[in-house]
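Visitor: I am new to this structure. Could you show me how to read it, feature by feature?

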Amino acid sequence: MLAGVAWILVVAVYIVAVGARDQAAPSDAIIVLGAAAYDARPSPVFRQRILHGMDLQQRGLARVLIFTGGYGHGARYSEAEVGRRYAIAHGAPADTILVEPQSRRTRDNLRFAAGLMKERKLSSAIIVSDPLHMARALWLAPLAGIRAVGSPTPDSRFASTGARLKFLAREVVQLHGEAWLLVTDEP
């Protein structure tokens, strides 16, 4: 039991450490992972991701922005489309934006984004997400065929200690779940 607790703590420290590093470097694309959207408006979490992705693009680190994320329950717009619309409304050039509107989870965000990249002969990407989500995203990226670095949002909307601990616990579980899916070869 003690070994199990120690393992969970090691994984949690790893997740926090990866999320504390901004590795943004010149790449072919910037993949902004989806988050909740309220009809045509991005949630505060998604808005931070969009703005950070736009900042990286404006700094010249990549020309192409890829927004990911499917439709929430009863939504008129996919998360990806909400991201695209928000970015264009705030000055991003429309002709540099791609959308992946099918995915419902991180694994699929990256798999479908990889398909868009392959069609355009793009191979490297900066992944944008929340700090505590970055370890899982970066672990899944090579499995999707993407050479990736991470650039977590500088300001997480998960501000309270309770919210961050809950998010961290979820990521510990999700990372183990992704590893299980890999071992069992489930899609």
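Guide: Start with the handedness of a helix crossing. A crossing is right-handed if the near helix is turned clockwise from the far one by less than a right angle, and left-handed if anticlockwise. Keep in mind that this is a predicted model.

Visitor: Which hand does the crossing of H2 and H3 have?

Guide: H2 and H3 cross in a right-handed way. H2 covers residues 44-58 and H3 covers residues 79-89. Their axes come within 10 Å, and the crossing angle is roughly 55 degrees.

Visitor: How is such an angle put into words?

Guide: Angles of 65 to 115 degrees count as roughly perpendicular, and those under 35 as roughly parallel. The angle here is roughly 55 degrees. H2 and H3 are therefore oblique to each other.

Visitor: Which residues make the contact between H2 and H3?

Guide: H2 brings Phe46, Arg47, Ile50, Leu51 and Met54. From H3 come Glu79, Val82, Gly83, Tyr86 and Ala87. By kind, the contact of H2 with H3 has 7 nonpolar residues, 1 polar and 2 charged.

Visitor: Now the interior. What should I look for?

Guide: In soluble globular proteins, nonpolar side chains tend to be buried together. In this model, the largest nonpolar core has 30 residues. Those with the most contacts inside it are Ile15, Ile31, Ile66, Leu110, Met117, Ile127 and Ile146.

Visitor: Which elements give two or more residues to this core?

Guide: The helices are H1 (2-19), H4 (106-119), H5 (134-140) and H6 (161-184). The strands are E1 (29-32), E4 (64-68) and E6 (124-128).

Visitor: Is histidine 52 buried or exposed?

Guide: Buried means under 20% relative accessible area. Histidine 52 has 7%, so it is buried. This histidine 52 sits in helix H2. Beyond its neighbours within four places in sequence, histidine 52 is in contact with Asp22, Val128, Ser151, Pro152, Thr153 and Pro154.

Visitor: And alanine 62: where does it lie?

Guide: Alanine 62 is in the loop between H2 and E4. With 5% relative accessibility, alanine 62 counts as buried. Leaving aside neighbours within four places in sequence, its contacts are Ser27, Asp28, Ala29, Ile30, Leu56 and Gln57. Alanine 62 and alanine 24 are 38 residues apart in sequence, and their C-alpha atoms are 9.8 Å apart.

Visitor: How should I read backbone angles?

Guide: Aspartate 39 is not a glycine, yet it has a positive phi of about 60 degrees. Aspartate 39 is in the loop between strand E2 (37-38) and strand E3 (41-42). Its relative accessible area is 37%, so aspartate 39 is partly exposed.

Visitor: What is phi of lysine 121?

Guide: Lysine 121 has a positive phi near 60 degrees, and it too is a residue other than glycine. Lysine 121 belongs to the loop between H4 and E6. Its relative accessibility is 76%, so lysine 121 counts as exposed.

Visitor: Where does glycine 145 lie?

Guide: Glycine 145 is in the loop between H5 and strand E7 (147-150). With a relative accessible area of 60%, glycine 145 is exposed.

Definitions and conventions: Residues are numbered from 1 along each chain as its sequence is written. This is a predicted model: local features need pLDDT of at least 70, side-chain atom pairs count only at pLDDT 80 or more; totals for chains, interfaces and linings use all residues. Side-chain values use heavy atoms; hydrogens and water are left out. A nonpolar core is a set of buried Ala, Val, Leu, Ile, Met, Phe, Trp, Tyr and Cys residues joined through side-chain atoms within 4.5 Å. Buried means under 20% relative accessible area, exposed over 50%, partly exposed in between (1.4 Å probe, protein chains only). Helices (H or I, at least four residues) and strands (E, at least two) are DSSP runs, numbered from the N terminus. Axes are lines fitted to C-alpha atoms, for helices over the stretch in contact, and angles run from 0 to 180 degrees between N-to-C directions. Angles under 35 degrees count as roughly parallel, over 145 as roughly antiparallel, 65 to 115 as roughly perpendicular and the rest as oblique. Contact means heavy atoms within 4.5 Å. Ala, Val, Leu, Ile, Met, Phe, Trp, Tyr, Cys and Pro count as nonpolar, Asp, Glu, Lys and Arg as charged, and the others, Gly among them, as polar.
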